[in-house]
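Here's a protein chain to explore together. Take a moment to turn the model around before you read on.

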Amino acid sequence: MGTEKQKHPHELDYLKAIRQACQLETWREIMTKTVEQAKAGDADARLFLAFFLVGRPTRPATPLSGIAGAEESIKLDEMLFGQS
């Protein structure tokens, strides 16, 4: 009971308004463009996708010095898109 998050009284109204303003096809177009931008090197697009897909980090990143030597050369593209 006490652990449930209190919702804003108009939260559902806001969510409905967002869905009306940004239909699924519009969102699909936005995400497609964002992926294209991320692949082209746009750091903001990459950050947005990373946060959206896997969430914000809950702890500090491990420094490269703490990762095995073979993993040190992995690029962000390889991690996010499986490409070299």
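## A first stop: W27

Is W27 buried, partly exposed or exposed, going by its relative accessible area? W27 has a relative accessible area of 32%, so it counts as partly exposed. For that label, buried means under 20% relative accessible area, exposed means over 50%, and partly exposed is in between, with a 1.4 Å probe and protein chains only.

## Before we go further

You're looking at a predicted model, where local features need a pLDDT of at least 70, side-chain atom pairs count only at pLDDT 80 or more, and totals for chains, interfaces and linings use all residues. Residues are numbered from 1 along each chain as its sequence is written, and side-chain values use heavy atoms, with hydrogens and water left out.

The chain averages a pLDDT of 78, and 63% of the residues score at least 70. Among the elements of the chain, α2 has the highest mean pLDDT (96), while helix α4, residues 76-81, has the lowest (61). Where pLDDT is low, the predicted coordinates should not be read in detail.

## The overall layout

The chain has four helices and zero strands, and reading along the sequence gives you α-α-α-α. These come from DSSP runs numbered from the N terminus: helices are H or I with at least four residues, and strands are E with at least two.

Buried residues make up 8% of the 84 residues in the chain. The chain exposes about 7,600 Å², and carbon and sulfur atoms supply 57% of that. Accessible areas like this one come from the Shrake-Rupley method with a 1.4 Å probe, and for residues only the protein chains shown count as cover.

## The aromatic cluster

The structure holds two aromatic pairs. In the pair of W27 and F52, the ring centres are 5.8 Å apart and the planes sit at 55 degrees, so this pair is tilted. W27 lies in helix α2 and F52 in helix α3, so the pair ties together parts that are 25 residues apart in sequence. F48 and F52 make a stacked pair, with 5.8 Å centre to centre and 15 degrees between the planes. The rules are simple: rings of Phe, Tyr and Trp (its six-membered ring) pair if their centres lie within 6.5 Å, and planes under 30 degrees apart count as stacked, over 60 as edge-to-face and the rest as tilted.

F48 and F52 are four residues apart in helix α3, which means about one helical turn separates them. F48 is partly exposed, with a relative accessible area of 34%, and F52 is partly exposed too, at 47%.

## A nonpolar patch

Which residues form a nonpolar patch on the surface? They are W27, I30, F48, F52, L53 and V54, with about 610 Å² of accessible area together. Two elements give two or more residues to this patch, namely α2 (24-39) and α3 (43-54). Helix α3 gives the most, with four residues. To join a patch, a residue needs over 30% relative accessible area and no salt bridge; like charges are joined within 9 Å, and nonpolar side chains (Val, Leu, Ile, Met, Phe, Trp, Tyr) within 5 Å.

Have a look at L53, which lies in helix α3. L53 counts as exposed, because its relative accessibility is 62%.

## The salt bridge

How many salt bridges does a search of the whole structure find? The search finds one. R28 pairs with E25, and their closest N and O atoms are 2.8 Å apart. (A salt bridge here is a side-chain nitrogen of Lys or Arg within 4 Å of a carboxyl oxygen of Asp or Glu.)

Both partners lie in helix α2, three residues apart, or about one turn of the helix. R28 is partly exposed at 42% relative accessible area, and E25 is partly exposed at 43%.

Now find T34 in helix α2. T34 counts as buried, because its relative accessibility is 10%. Leaving aside its neighbours within four places in sequence, T34 is in contact (heavy atoms within 4.5 Å) with A45, F48 and L49.

D44 lies in helix α3 and counts as exposed, with 62% relative accessibility. The C-alpha atoms of D44 and T34 are separated by 9.2 Å, and the two residues are ten apart along the chain.

Methods. pLDDT is the predictor's confidence in each residue, from 0 to 100.
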